[in-house]
Amino acid sequence: MTRRLTAALIAATTLTLALAACGTAPATPTADPTPPAGTNVAANTGEHNDNDVMFLQMMVNHHEQGVEMARIAAEKAGSDQLKTLAAAVVATQTDEVTTMKSWLTSWGKADSADTDINLHADHGGLPATSDEEIESLRSAAGADFDTTFLALFTGHQHNAVEMAKTEAAEGVNPDAKALAKSIDESRTAQIQLMLQISAAVPAA
């Protein structure tokens with residue numbers, strides 16, 4: 001487990017340094033980098049392709065798992081910054097799930113991805129945090145909880161950024177691509193904030 005957590009933080013650090021190098025990383029992330037809830041949930045009947053559908057379906061699953069993790073953090077985190085971030089994640093990602101499901105329904109598609117990993121081999125798999133990792137989060141306590149959450153959730157949101165970038169490149173639906181851009185920007189800001197918080201967490 002320690003090796004997985006360390007790898008997640010290393011990957012996120014690499015992402016942040018790359019963003020900073022190209023001038024896109026904000027200098028001082030705020031305590032709540034997530035945009036306010038209130039995304040338009042009107043039916044999206046515009047042109048769409050398979051990439052749009054896959055992005056929304058997979059992101060629904062990813063968001064719901066992120067909300068589960070954030071709710072745990074809202075209760076158990078020791079850091080006030082983490083509690084604030086967790087509450088923002090729950091509010092915003094719940095709202096985004098409602099929006100994405102409404103679009104998929106308007107397209108006559110299933111409102112989430114099939115969790116059978118064999119069905120996703122052709123496009124790199126279904127990005128997800130394992131049940132084992134989430135269970136480790138539930139059982140963590142004290143400073144260990146904050147460290148575990150930061151590592152897992154940094155990696156989790158990094159996956160969201162990668163999925164959003166793929167949609168921006170391969171999708172055609174304007175609303176789905178706009179949502180992908182928003183997810184890319186807000187989750188990148190969250191990653192930077194979590195790296196700052198992680199640096200301030202005392203070593204166990």
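I began with the order of elements: read along the sequence, the chain runs α-α-α-α-α-α. My tally gave 6 helices and 0 strands (DSSP runs, H or I of at least four residues for helices, E of at least two for strands, numbered from the N terminus).

A note on the source: this is a predicted model, where local features need pLDDT of at least 70, side-chain atom pairs count only at pLDDT 80 or more, and totals for chains, interfaces and linings use all residues. Residues are numbered from 1 along each chain as its sequence is written, and side-chain values use heavy atoms, with hydrogens and water left out.

Next I looked up burial: 45% of the 204 residues are buried (under 20% relative accessible area, 1.4 Å probe, protein chains only).

Then I turned to the cores (buried Ala, Val, Leu, Ile, Met, Phe, Trp, Tyr and Cys residues joined through side-chain atoms within 4.5 Å). The largest nonpolar core holds 23 residues, and Met-69, Leu-82, Leu-137, Phe-145 and Phe-149 have the most contacts inside it. I found that H2, H3 (80-106), H4, H5 (143-170) and H6 (174-200) each supply at least two of its residues. A second, separate core has 18 residues, including Met-59, Val-97, Leu-179 and Ile-183.

I also checked Phe-149: leaving aside residues up to four places away in sequence, its contacts (heavy atoms within 4.5 Å) are Met-69, Ala-70, Ala-73, Leu-82, Leu-137 and Thr-154.

Gln-65, Glu-68, Met-69, Ile-72 and Lys-76 of H2 meet Ile-134, Leu-137, Arg-138 and Ser-139 of H4.

Definitions and conventions: Buried means under 20% relative accessible area, exposed over 50%, partly exposed in between (1.4 Å probe, protein chains only).
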